[in-house]
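Subject: Structure handover

Dear colleague,

Please find the structure below.

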Amino acid sequence: MRSCLATLLLLTSSVCVLADTEAAPNVSPDGRHAIHNIGDTAKAEHHFEIRTRAGAVLLRTDDEASKRWLPTHASDILWSADSQFALLRYDDGKYYSTALYSFADRKLIDLSHVIDGWTVPVRWVSRRTFIVEDSGPHGGKARGGGYHYRKTWRIRLQPLRLECVYTSPTVTTKDDPEAY
C-alpha cells in the first residue's frame with residue numbers, strides 16, 4: 001500500500017513538473033484553432049505556430065517565409081469573438097510588438113512597435129475593431145519618464161487591411177531623478 005501511494009505521489013509530481021514546462025496552447029473561442037509556443041526561450045529556435053484543431057500548421061514563425069521574425073513566443077493573445085482573428089504580442093528583440101492574424105486570409109499583419117517602445121494589445125471593442133497601446137521609451141537609456149497612448153484599429157476586408165480610426169492623447173510622465 002505504501003509503495004502504491006509513493007508511486008502515485010511520484011507520478012503526480014512528475015505531471016505537475018511537466019505541466020510547468022509544457023505550456024498549453026491558447027485555443028480560439030470556437031475551438032477550431034490554437035496558438036502553440038514551441039521550444040525553450042533560452043534557446044534560439046523557440047517560436048510560435050498557429051494550427052487547426054486537426055493539427056495542420058497555418059503559420060510557423062521559424063520557417064523560410066518568416067525569416068524576418070526573431071525567435072519569439074506569442075503572448076497576450078486576444079481572440080475576436082467570432083474566432084476569425086487573433087491579436088498577439090511578440091518580442092522583437094528587447095521590444096514588444098503586436099500582430100494580427102486573419103484565419104480567412106491566412107495572413108499575419110505586423111503592427112510592429114514604436115521607436116524605443118512597446119506596442120501591446122489591449123482589447124477587442126467589436127468583431128472588427130481592437131485597441132493597442134504604444135508606450136516608451138523602454139530601451140537604451142530609458143529612465144523613469146515616458147509616454148503612452150492608445151490606438152483604435154478597424155479591420156477592413158477585401159482586401160484585408162487595417163485602418164487606424166482613433167489615437168488617444170499622449171500621456172507623458174516626467175523622469176524622477178531620485179528614483180535612481
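Strand β7 is joined to strand β8 (residues 107-112) by 5 bridges, and the two run antiparallel. Strands here are DSSP runs of E with at least two residues, numbered from the N terminus, and two strands count as paired if DSSP finds at least two bridges between them. This is a predicted model, in which local features need pLDDT of at least 70, side-chain atom pairs count only at pLDDT 80 or more, and totals for chains, interfaces and linings use all residues. Residues are numbered from 1 along each chain as its sequence is written, and side-chain values use heavy atoms, with hydrogens and water left out.

Two bridge partners in β8 can be named: S112 for T98 and D110 for A99. The β7-β8 pair is a hairpin with 4 residues between the strands, and R106 in the turn has a positive phi of about 50°.

On the other pairing of β7, 8 bridges join it to β6 (residues 85-92), again antiparallel. These two strands also form a hairpin, with 2 residues between them; G93 in that turn has a positive phi of about 70°. D91 has Y96 in β7 as its bridge partner.

The open sheet consists of 4 strands in the order β5-β6-β7-β8, with antiparallel pairing. Because β5 and β8 stand at the edges with a single partner strand each, one side of each has no neighbour in the sheet. On average, neighbouring strands of this sheet are turned by 25° against each other, direction ignored; the axes are lines fitted to C-alpha atoms, and angles run from 0 to 180 degrees between N-to-C directions.

As for burial, 7 of the 8 residues of β7 (residues 95-102) are buried. Buried means under 20% relative accessible area, with a 1.4 Å probe and protein chains only.

T72 is also buried, at a relative accessible area of 1%. T72 sits in the loop between β4 (57-60) and β5 (74-79). Leaving out residues up to four places away in sequence, T72 touches H46, H47, F48, T61, Y90 and D91, where contact means heavy atoms within 4.5 Å.

Regards

Key:
Buried means under 20% relative accessible area, exposed over 50%, partly exposed in between (1.4 Å probe, protein chains only).
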